[in-house]
Structure formats: C-alpha cells, structure tokens
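This briefing on a predicted model is meant to be read alongside the sequence and the coordinates. Please keep both at hand while going through the points below, which are grouped by topic.

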Amino acid sequence: MKAVRFSRFGGPEVLEIVDLPDPHPGPGQVRIAVRAAGVNPSDWKKREGMMDRELPQTMGYEAAGVVDELGEGVADVAVGDHVFGFSAEGTAQAELAVLSYYAPIPPSLGFAEAAALPAAVETATRALDQLGVGSGSTLLINGASGSVGSAAVQLAVARGARVIGTASPANHEYLRSLGAEPVAYGAGLAGRVRALAPDGVDVALDVAGSGVLPELIELSGGPERVVTVADFGGAQERGVRFSSGDAGRAIHALGEIGESIESGRFSLPVAQTFPLAEVAEAHRVSQQGHVRGKLVLLVG
C-alpha cells in the first residue's frame, strides 16, 4: 500500500509517499480502505522532531473509509460498512489503515467530513470531562475557531455551559453561530473577558498554545481549573494539566457524536482537502495556522 512517511526531521519537503506492506487487523480491530484522513497540528510537530524521536515515521491517527477486513472477535460491523476512527499505529494517511477504535459514519456525512471528526471530537470531549464542564459552567476556550476549539464550543454548549471563546475578529461571527461569545486574543485578553464575565470564569481550556496560560489561570482562579492540549512546556511551568490520550481517551465520544450531527446540533467544517500526493502542501497550510475547520487528505 502507499503511505505517507518521513525518514528525517525537517520541513514539509521531507514527506514521502512510499510503498509499505499491507497491514492486517488484530483482535477487536478492523481494516479499512481509506477514503479520507485527517491532518492535525501534531503531524507537523512530529515531522519537525518536536514529539517522537524515532525514524522513520508514518503519519496520521484518524481516517474514514470502507471496512475490508475484520479482526478476531469483531461483530459490530461487517465488510463493506462505512466507518471512521483512530489508527493506534499512526498510519492513517495511507491506502489501508487498521482502526483500533471506530464508529459508523453518520448518514448525512461523506468520507471527508467523517475523517475530520475523531481527533477533534475525542480531544474536546476528554478536555471537557477533565474540567468537569456541565450545566451552569462558564468556560473560556483559547483558540475556539479551529477544529478542536469549535468542537469544544459545541459540546460545551450542549452540556449547558456558557462559553467565551478567543479568535481573530474574522472568526467572531462563526463563533457566535456555534453559541459562543467571542473575544479577540492578544494583549489585554483578561480585560476583554472580564468585560463579559466580571467575576472571571469557572474553567479554561487552551487549544491554541499561544502563551496565555497565566491569563487563563488568573481568570479561572487557579492552575487546577485550566487544561491545555497544546502547551506542554507551559503546563509544566505553571502547574496546569496537559491533556493527552496517554491518560485515557474519551473513546465514547465517537459513538455518541452521530446523534448530535444528525439532529443538527454539531458540525465540523472541512476547511480544505488535498490529494494524498499533496500532503506536503497540507502541512504547510496547517503550520500557518488560522484554519477554520479541518484539513483532510483524500485517498483513492
């Protein structure tokens, strides 16, 4: 099968499309013929050597496609079913992928829209669970217009929370459409938030990793009230929880999101699609930031 891989750290130019042996599912897993795979900021961070240091590395943790092989004990899907989910091996940006966690693609979605869901929905749900966001909570989200941020806005609103979200002014109307109260990021953030919430907020989620943890701590009342999914160094320095899948994923979110999508209470826009062969360009766009929605690779 053809797959994205890199054998040295560096810019997008180190990415290659290579031939790898076809994978096969283990117990409880399924293999899919990949139709679309999500692109995440962690991809370019891995490529630049900011995360795993092993070489070579394949790419991609989320995909959507058609089931073509079942692992031992799998009885909830059949060959030919359309599913989306996670590749634990990190080889989703390929013609074939083994999914360790999966769910049926909601009927109203195509493969590209489904491939946009797993990482954003799971990450947002995990962070909201860790913060204890529920009815009556006031939540501040730093970086609310990207894929994880906009997922977190919608999921928090569905829980009955009040959401204040930071974004560039061009994305403020978009945040309002999701149910959030927008504020501009940058200098003076705390004052703008207090203009909306004079007593501060109950909890805060940092999705952007833009160095605002001190302000989030001040606005929420302490580091234990803040979770970041983007600023590992800042979390260590400030005593803030850094949320990663290593501590347990919110896999339940994959099976739950379909109902919200079909009822019109949740959507995650696909900002741009690229053929698999143009993965380097997808990385360039991702690394520039300010993407509203999700970048997706189309396969097959």
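E62 lies in strand β5, which covers residues 62-70. Its relative accessibility is 0%, and because buried means under 20% relative accessible area, E62 counts as buried.

- K46 belongs to helix α1, and with a relative accessibility of 4% K46 counts as buried.
- The side chain of K46 makes a polar contact of 3.0 Å with the side chain of D52.
- G49 is found in the loop between α1 and β4, where G49 is buried at a relative accessible area of 13%.
- How far apart in space are G49 and A33, which are 16 residues apart in sequence? From C-alpha to C-alpha, G49 and A33 are separated by 29 Å.
- P56 is likewise placed in the loop between α1 (41-47) and β4, and the peptide bond joining L55 and P56 is cis, with omega at about -10°.
- As background to that bond, most residues other than glycine have a negative phi, and most peptide bonds are trans.

**The antiparallel sheet of three strands**

- Three strands, in the order β2-β1-β4, form an open sheet in which the pairing is antiparallel.
- The edge strands of this sheet are β2 (16-19) and β4 (57-58), each of which pairs on one side only.
- Strand β1, made up of residues 2-6, pairs with β4 in the antiparallel sense over two bridges, and R5 stands opposite T58 in β4.

**The pairing of β3 and β7**

- Strand β3 (residues 30-39) pairs with β7 in the antiparallel sense, and four bridges connect the two strands.
- R31 stands opposite V98 in β7.
- Within strand β7 (residues 96-99), L96 and V98 point one way while A97 and L99 point the other way, and all are buried.
- In a regular strand the side chains alternate between the two faces of the sheet.

**The parallel sheet of six strands**

- Six strands form an open sheet with parallel pairing, and their order is β11-β10-β9-β12-β13-β14.
- Why is one side of β11 and of β14 left without a neighbour in the sheet? Both β11 (181-183) and β14 (241-242) stand at the edges and each has a single partner strand, so one side of each is left without a neighbour.
- For β14, pairing in the parallel sense links this strand to β13 (residues 226-228) over two bridges, and F242 in β14 is the bridge partner of T228.

**Helix α4**

- Helix α4 runs over residues 147-158 and has 12 residues, and the 17 Å from its first C-alpha to its last is close to the 16 Å expected at 1.5 Å a residue.
- The helix is mostly covered, given that 10 of the 12 residues of α4 are buried; among them are S147, V148, G149, Q154 and L155.
- Just after α4, G160 takes a positive phi of about 95°.

**The second largest pocket**

- The second largest pocket holds about 210 Å³ of space.
- Its lining includes V121, T125, Q154, L155, A158 and R159, together with A253, E256, I257, S260, R265 and F266.
- Which helix gives the most to the lining of the second largest pocket? That helix is α9, with four residues, while α3 (117-131), α4 and α9 (252-262) each supply at least two residues of the lining.
- By class, the lining of the second largest pocket has six nonpolar residues, three polar residues and three charged residues.

Technical notes:
Residues are numbered from 1 along each chain as its sequence is written. This is a predicted model: local features need pLDDT of at least 70, side-chain atom pairs count only at pLDDT 80 or more; totals for chains, interfaces and linings use all residues. Side-chain values use heavy atoms; hydrogens and water are left out. Buried means under 20% relative accessible area, exposed over 50%, partly exposed in between (1.4 Å probe, protein chains only). Two strands pair if DSSP finds at least two bridges between them. The expected span of a helix is 1.5 Å times one less than its number of residues. On a 1 Å grid over the protein atoms alone, a cavity is a set of points where a 1.4 Å probe fits but cannot get out, and a pocket is an open set with protein on both sides within 12 Å along at least five of seven lines; lining residues have an atom within 4 Å of a point. Grid points are joined across faces, edges and corners, and a volume is the space filled by probe spheres set on the points. Ala, Val, Leu, Ile, Met, Phe, Trp, Tyr, Cys and Pro count as nonpolar, Asp, Glu, Lys and Arg as charged, and the others, Gly among them, as polar. A polar contact is a pair of N or O atoms within 3.5 Å; within protein, one must be able to donate a hydrogen and the other to accept it, and residues adjacent in sequence count only if both atoms are side-chain atoms.
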